[in-house]
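The structure is shown first, and the description follows.

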Amino acid sequence: MINRFSSRRQRLDRSFLAERLRGARGYDRIAGFFSSSILEVAGEELEALAGQVRLVCNSGLHPEDVATAKKAAQAAMRREWCDAEPERFPEAARPRFQRLYDFLRNGKLQVRVVPDAHFGLIHGKAGVLTLEDGRQTAFLGSVNESLTAWRLNYELLWEDDSQDAVRWVQEEFDTLWHSPFAVELADAVVQDIGRLAARSVIPDLKDWRARPDPAAPVIESPVYRKEVGLWEHQKHFVKLAFDAHLGTGGRPPGARLILADQVGLGKTIQLAMAAQLMTLSGDRPVLILAPKPLIWQWQGELKTLLDMPCAVWDGQHWVDENAIEHPSAGPESIRKCPRRVGIVSTGLIVAGSETRDWLVNGRYECVILDEAHRARRRNLTAGKEYDPAEPNNLLRFLWDISPRTRSLLLATATPVQIHPIEAWDLLDALARGSDAVLGGYGSLWRKPQQALELLLGASDPPTDDITRWAWMRNPLPPASEGPDYSALRRVLRLTDQDISAPGGSFDQLKPPDLTRIRRVFPRFVEQANPFIRHIVLRTREYLETTIDPETGEPFLKPVQVRLHGERDQDAVPLPPFLEDAYRLAEEFCRLLAERAKSGFFRTLLLRRVGSTMEAGRRTVVKLLTQWTTLDDEEDDEDTLGQLRTLTTAERAVLQRFLKALEANQERDPKYQIVRAQLLDHGWRELGCIIFSQYFDSVYWLAEQLTADLPGEEIGIYAGARRSGIMHNGVFTGAPREVLKERVRLGDIRVLIGTDAASEGLNLQRLGTLINLDLPWNPSRLEQRKGRIQRIGQLRDTVDIYNLRYAGSVEDRVHELLSERLENIANLFGQIPDILEDLWIDLALGEVDAARNTIDAVPRRHPFQLRYHRVERVDWENCSRVLDAQQRKRALSHGWGEDER
């Protein structure tokens with residue numbers, strides 16, 4: 001029998017739905033979208049169901065996510081759920097969330113979603129009800145599973161209980177339900193529904209400070225609601241740093257840590273989140289120091305991932321997260337940051353500018369130094385490693401500011417560049433503000449040669465109890481390091497507030513205590529010494545091979561790298577006229593070397609020519625016209641102020657260089673390889689990011705590709721006002737956030753970017769990478785690789801092609817040192833920045849100096865800097881959330897406001 005219903009004539013939730021569901025054995029439903037609203041309408045009837053409700057609905061899941069891996073599909077579904085902003089539902093929605101959560105957890109409600117790409121939007125709404133007496137009825141109509149559809153909208157519904165109608169609707173449902181593309185509702189979505197059911201808002205910052213749960217300010221930030229959230233090793237560090245800052249567990253307050261995770265493991269977000277928590281917990285400002293090319297990326301990540309107000313000092317003014325430039329009265333205005341978190345270029349410290357003195361006299365909640373390995377001693381030479389340090393300007397700054405901040409966090413993927421004394425120097429900088437790092441007066445750990453020789457096994461371990469105790473007691477590991485340290489503290493009546501045991505404490509130890517010291521000392525040297533406790537280093541290999549006991553899977557999905565272009569014969573041959581141009585660039589650099597001191601400046605043209613011949617051509621045009629136009633975001637140093645004029649000989653060489661290029665009627669041979677990889681080897685379909693150091697090369701390549709790839713949208717990811725999309729030869733500016741989103745959705749398959757703009761860029765959707773040039777700073781290669789070999793990558797193996805001209809500086813480095821560099825990368829996790837000198841030496845023909853530089857790097861890692869404890873931290877179930885306006889208001893206060 002056919003029954004017709006109209007919401008104009010009767011309420012559908014009462015006249016049809018509630019009546020049919022009461023006592024029903026089962027309910028299969030095709031719905032356009034999922035909502036808990038139906039449970040408010042008919043919750044009691046659903047609770048009385050003897051069977052299950054099976055709901056299949058739409059999703060914006062990308063088909064590739066579904067086809068690649070369950071985790072990818074689950075993550076994409078979670079993101080789609082969060083995009084709906086269910087946390088903004090009114091308080092009245094909480095009971096609905098609770099009912100929904102209960103039904104999902106007890107299995108009464110099952111939900112599957114299918115991608116729009118395979119079935120389109122599901123406009124056909126239908127269902128099959130198995131009634132209490134076993135009879136079945138089917139219905140078709142315009143209603144979704146939502147409160148507005150069943151109760152408020154104008155809707156039409158036809159019911160037909162004939163066998164043909166039931167069979168027909170059931171077949172449609174089964175086709176969707178059993179589709180290979182249908183995905184079970186993500187566990188993370190169910191978990192979030194449960195969290196929302198219990199959600200409450202902390203209305204005032206003071207209330208949060210009384211119980212400072214680190215999850216409360218961040219669980220609804222963009223990194224959780226728009227991205228995948230934090231991974232276990234990241235949460236572990238944030239909690240470790242925040243607990244140390246607060247002095248949790250009775251320890252002296254203040255975090256003193258070196259974060260040395262490998263590239264691609266998310267150091268920036270860990271530091272940024274720790275900085276936010278520390279800022280909210282206190283009243284003093286936070287200072288973030290980073291190299292000039294990274295300061296704007298820091299601000300961008302804080303804004304997009306944490307919705308965190310902050311300001312950047314551009315050298316003259318503070319610029320806040322809304323790009324508003326605040327008035328300045330000169331260098332002293334650096335002390336008047338308009339936000340609680342201020343970001344400053346380390347270049348100002350290195351240059352010894354006046355702003356350095358203003359900064360060092362402030363007091364801070366936390367100071368963060370990115371790329372901390374740049375803070376080094378000047379006098380690191382063979383045989384004199386243990387001489388008193390002669391600090392460079394950055395290390396001297398750390399010494400001076402360390403006592404003026406509660407917490408100090410240093411970030412570097414290579415705390416050891418050449419010698420382990422460099423790691424000790426960084427620990428020493430931390431220790432100048434806290435005896436908890438290397439102990440107080442008289443500590444053996446403050447004597448670097450003795451300390452390092454003990455750790456390296458270069459000296460025999462002590463055999464007498466007094467010396468063993470001298471190493472252990474100052475500083476004495478906290479009770480949390482293990483029961484042995486807890487027992488020793490108990491015997492000496494020391495709390496964790498006591499950093500060290502007194503000098504005369506040995507006389508208080510009984511024979512059982514001395515036995516304990518003998519037994520634990522080898523483990524103390526290996527696992528609890530100050531290096532281990534204050535250097536946090538997690539390797540990709542460890543995270544990819546260590547099983548998370550809660551999930552039964554590795555902490556990180558293993559992602560292998562397949563390299564291309566590494567054989568000697570893979571170097572890109574230059575036609576004769578381009579080869580002549582390259583040799584002229586070398587001649588220009590030799591001429592410049594006669595009057596310029598900076599190796600960076602002397603080799604400037606070779607760097608750009610090594611990228612693309614077009615970048616070299618544009619550079620020469622600028623050099624011959626106006627030097628000041630050459631500086632841009634790619635250069636990490638202010639180099640052009642050194643020389644403002646060209647000699648007659650230099651100008652003549654540059655003019656010959658231009659003529660050589662003008663005679664060239666062929667494309668740069670690097671382009672042919674890029675084109676072949678994209679079109680002939682399927683890299684465009686896999687998604688490809690192409691990196692260059694220079695915007696000139698980026699834009700040139702986009703112009704070339706758009707001519708050969710009609711209809712293809714090519715993304716350009718660069719600095720401010722330079723990003724956009726090249727389509728059919730026309731460039732249209734676009735914000736970088738738009739580009740990232742379109743890459744995520746699969747709309748942009750080819751993206752070309754500069755190094756400076758791409759720090760922190762997550763490109764898990766792309767499976768291939770082409771290095772159009774090889775940066776002379778080796779760590780940048782690791783950073784590029786980290787854009788795709790990173791958390792959340794969809795593929796098990798990613799492909800990387802390294803391009804270099806035959807006979808170029810890059811080719812000579814590869815030929816001379818490639819095997820040695822690979823060994824160094826394997827030992828240190830990435831190539832130390834100090835090896836940038838190799839490129840400069842070879843560019844200037846100083847081969848012996850290059851060999852000496854690489855020979856200075858140890859052939860084995862000096863010691864294992866391991867911090868392999870990754871403890872699970874449950875933030876995802878946090879239901880107490882700090883009010884977002886309160887959080888942003890506190891972070892928007894300027895320096896000096898409300899400081900104690």
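Predicted model: local features only at pLDDT ≥ 70, side-chain atom pairs only at ≥ 80, totals over all residues.

## Strand S25 and its two partners

Strand S25 and strand S26, the latter spanning residues 797–802, pair in the parallel sense over four bridges, and within this pairing Ile 770 stands opposite Tyr 801 of S26. Strand S20 (residues 688–692) is likewise joined to S25 by four bridges and runs parallel to it, with Ile 689 placed opposite Leu 769 of S25.

In a regular strand the side chains alternate between the two faces of the sheet. Strand S25, which covers residues 768–771, has Thr 768 and Ile 770 pointing one way, while Leu 769 and Asn 771 point the other way, and all of these are buried.

## Arginines over tryptophan rings

## Aromatic pairs

A pair of aromatic rings is described by the distance of the centres and the angle of the planes. The model holds 14 aromatic pairs. One of them is formed by Trp 313 and Trp 318, an edge-to-face pair at 5.4 Å centre to centre with 65 degrees between the planes. Both Trp 313 and Trp 318 are buried, and together with Tyr 364 and Trp 895 they form one aromatic cluster.

Tyr 699 and Phe 731 form another edge-to-face pair, with 5.8 Å centre to centre and 65 degrees between the planes. Tyr 699 lies in helix H33 (residues 695–708) and Phe 731 in strand S23 (residues 730–733), so this pair ties together parts that are 32 residues apart in sequence. Tyr 699 counts as partly exposed because its relative accessibility is 22%, and Phe 731 likewise counts as partly exposed because its relative accessibility is 29%.

## Helix packing

Helix H13 (residues 267–281) and helix H14 (residues 295–306) pack with their axes 10 Å apart and at an angle of about 70 degrees, and H13 and H14 are therefore roughly perpendicular to each other. On the H13 side the contact is made by Thr 268, Ile 269, Leu 271, Ala 272, Met 273 and Gln 276, and on the H14 side by Trp 298, Glu 301, Leu 302, Leu 305 and Leu 306.

In helix H22 (residues 483–491), the residues Asp 484, Tyr 485, Ala 487, Leu 488 and Arg 489 are buried. The buried residues of H22 pack against helix H21 (465–473) and helix H23 (511–528). After H22 comes Arg 493, whose phi is positive, near 55 degrees.

## Two single residues

Which residues does Arg 199 contact, leaving aside its neighbours within four places in sequence? They are Glu 87, Arg 94, Glu 220, Ser 879 and Val 881. Arg 199 itself is placed in the loop between helix H9 (187–197) and strand S9 (200–202), and Arg 199 counts as buried because its relative accessibility is 18%, the cut-off for buried being under 20%.

His 893 is found in the segment after helix H39 (884–891), and His 893 counts as partly exposed because its relative accessibility is 23%. Although His 893 and Arg 339 are 554 residues apart in sequence, they are 5.2 Å apart in space, C-alpha to C-alpha.

Methods: Residues numbered from 1 in each chain as written. Heavy atoms only, no water. Helix = DSSP H or I, 4+ residues; strand = E, 2+ residues; numbered from the N terminus. Buried < 20%, exposed > 50% of the residue type's maximum accessible area, 1.4 Å probe, protein only. Contact = heavy atoms within 4.5 Å. Phe/Tyr/Trp six-rings, centres within 6.5 Å; stacked < 30°, edge-to-face > 60°. Pairing = 2+ DSSP bridges. Axes fitted to C-alpha atoms, helices over the stretch in contact; angles between N-to-C directions. Parallel < 35°, antiparallel > 145°, perpendicular 65-115°, else oblique.
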